[in-house]
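Open the model in a viewer and keep the selection panel at hand.

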Amino acid sequence: MVAKEAAGRARPGRAPAPAGRRARPRQAEVARLAGVSQATVSLVLSGRDLATGRPISAETRAKVLDAAHSLGYVPDPAASRLAAARNNLLGVFSFTATFPTDVRHSYYPFLVGVEQEAAAQGYDLVLFTGSSTGGAGAGGGALSRVRLADGCLFLGRHAPADELRRLVADDFPVVHVGRRDEPEGLAWVGADYVSASREVVAALAGLGHRRVLLVREDDDAPASTDRERGFLDGLADSGLPAGPDAVYRSGDPRHDLTAERVRAWVAEGVTAFVAEETDTGAAWRALRAAVDAAGLDCPGEVSLALLGSPPADLADEPAPMGFDIPRPALGAEAVRLLASRIAGGPAEGTLVACAFRPGATAGPPPSPRTPHPSS
């Protein structure tokens with residue numbers, strides 16, 4: 001069961017129940033009906049009288065249980081969990097402007113794995129929505145509320161390091177979905193983008209490409225730096241040029257990546273373009289649009305590859321060469337690690353392998369044009 005964090009929390013001094021709906025019976029009412037003290041009711045209903053070795057008499061116990069049954073009394077789960085110092089709740093907090101509950105959102109498959117593994121581990125989930133209006137800037141009060149759960153998973157490229165550092169310093173169980181360099185002591189589960197990106201470049205080199213260019217957003221998130229590192233490693237491993245000209249960074253790919261710029265790269269000898277996957281898919285969208293606008297055939301004249309999977313709204317297009325991120329498996333592994341942290345296990349970093357995807361957007365480079373003999 002997945003529960004959302006309530007936007008408005010209960011305040012001291014409970015308001016009267018709405019007309020037509022009976023308020024939850026309290027232990028005081030059970031005590032009055034059974035003719036015993038509220039302390040006795042609490043002991044009987046919690047079973048603590050048996051644990052003390054001095055059980056309440058069978059007659060008194062029967063009166064309390066009969067009264068509770070007749071009133072329809074059920075324990076308050078929040079109070080019971082507080083008394084046990086455990087909630088059996090796992091928090092999920094996303095640093096995106098809208099919580100990723102849309103099946104087309106790239107984070108949604110993570111949540112599928114999280115929900116399935118949480119159920120297997122005997123946990124319920126609380127989706128903290130404090131970031132829904134403030135994105136990564138939500139921090140502060142929103143993040144402090146995650147302590148209502150036994151531990152919390154965080155999703156997003158730009159989780160605030162200071163807030164995470166505070167939770168880690170307090171030994172609150174935290175797991176970040178995605179590799180992170182900081183804060184020290186933070187547990188995380190991430191995809192092995194370095195190895196997967198290296199494999200994509202090796203595949204392009206195996207097709208005969210000698211000039212390959214990476215197009216990426218101007219972003220220093222670990223996921224982006226890992227992809228670039230794997231890309232450059234792949235170029236070096238294949239003996240291809242891996243200098244600064246092999247990577248093009250843009251803060252606004254839609255504006256910067258033009259048909260003219262793509263034609264200029266092709267004229268310089270680039271035969272394959274690689275784009276990184278991000279939440280927005282900006283680099284891949286801009287690259288596809290620029291190649292189309294330049295009138296270049298793919299994969300006849302240029303090859304394209306994507307370090308990840310295409311945005312869901314482009315799923316009907318030919319699958320690009322690249323790799324598939326095991327998002328459900330990452331979500332499930334994150335829950336297992338968080339359960340281990342709650343039980344006192346170590347804060348570890350875990351990488352999960354990605355599966356190479358041959359796709360339909362890459363082929364051998366075009367043969368060099370032979371100049372016409374002079375007349």
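Two residues are in contact when they have heavy atoms within 4.5 Å of each other. Among contacts between residues at least 6 apart in sequence, 70% join residues at least 24 apart in the protein chain. This is a predicted model, in which local features need pLDDT of at least 70 and side-chain atom pairs count only at pLDDT 80 or more, while totals for chains, interfaces and linings use all residues. Residues are numbered from 1 along each chain as its sequence is written, and side-chain values use heavy atoms, with hydrogens and water left out.

**Whole chain**

Colour by secondary structure: the protein chain has 14 helices and 13 strands. Helices (H or I, at least four residues) and strands (E, at least two) are DSSP runs, numbered from the N terminus. Next, colour by accessibility. Buried residues make up 45% of the 375 residues in the protein chain; buried means under 20% relative accessible area, exposed over 50%, and partly exposed in between (1.4 Å probe, protein chains only).

**Helix α8 and the residue after it**

Select residues 161–169, which form helix α8. A161, E163, L164, L167 and V168 are buried there. Look down the axis of α8: the buried residues fall within an arc of 165°, so they line one face of the helix. That arc is taken from the directions from the helix axis to the C-beta atoms. Turn to the other side of α8, where D162 and A169 are exposed.

Now select D171, which follows α8 and has a positive phi, near 65°. Show its side chain together with that of R341: the two meet in a salt bridge (3.7 Å, N to O). D171 lies in the loop between α8 and β5 (174–177) and R341 in helix α14 (residues 327–342), so the pair ties together parts that are 170 residues apart in sequence. D171 is exposed at 56% relative accessibility, whereas R341 is buried at 14%.

**Other salt bridges**

A salt bridge here is a side-chain nitrogen of Lys or Arg within 4 Å of a carboxyl oxygen of Asp or Glu. The structure holds 19 of them.

Select R249 and D220, whose side chains meet at 3.1 Å, N to O. R249 is in strand β8 (residues 247–250) and D220 in the loop between β7 (212–217) and α10, 29 residues apart. R249 is partly exposed, with a relative accessible area of 34%, and D220 is exposed at 58%.

Move to E317 and R288, which form a salt bridge of 3.3 Å, N to O. E317 is partly exposed at 33%, while R288 is buried at 17%.

Select E228 in helix α10 (residues 222–237). E228 is buried, with a relative accessible area of 18%. Apart from neighbours within four places in sequence, E228 is in contact with L214, R216, V247 and R249.

Go back to helix α13 and select A283, which is buried at 0% relative accessibility. Draw a distance from A283 to V215: the C-alpha atoms are 6.4 Å apart, for a separation of 68 residues in sequence. Beyond its neighbours within four places in sequence, A283 has contacts that include V215, R216, P253 and L257.

**The enclosed space**

How many cavities of 30 Å³ or more are there? The count is 1, and the largest cavity has a volume of about 350 Å³. Of the 25 residues lining this cavity, R157, V177, G178, Y193 and A223 are the closest to its centre. The elements that give two or more residues to the lining are β5, β6 (187–191), α10 and α14, and the largest share, 4 residues, comes from α10.

On a 1 Å grid over the protein atoms alone, a cavity is a set of points where a 1.4 Å probe fits but cannot get out, and lining residues have an atom within 4 Å of a point. Grid points are joined across faces, edges and corners, and the volume is the space filled by probe spheres set on the points.

How values were computed
On a 1 Å grid over the protein atoms alone, a cavity is a set of points where a 1.4 Å probe fits but cannot get out, and a pocket is an open set with protein on both sides within 12 Å along at least five of seven lines; lining residues have an atom within 4 Å of a point.
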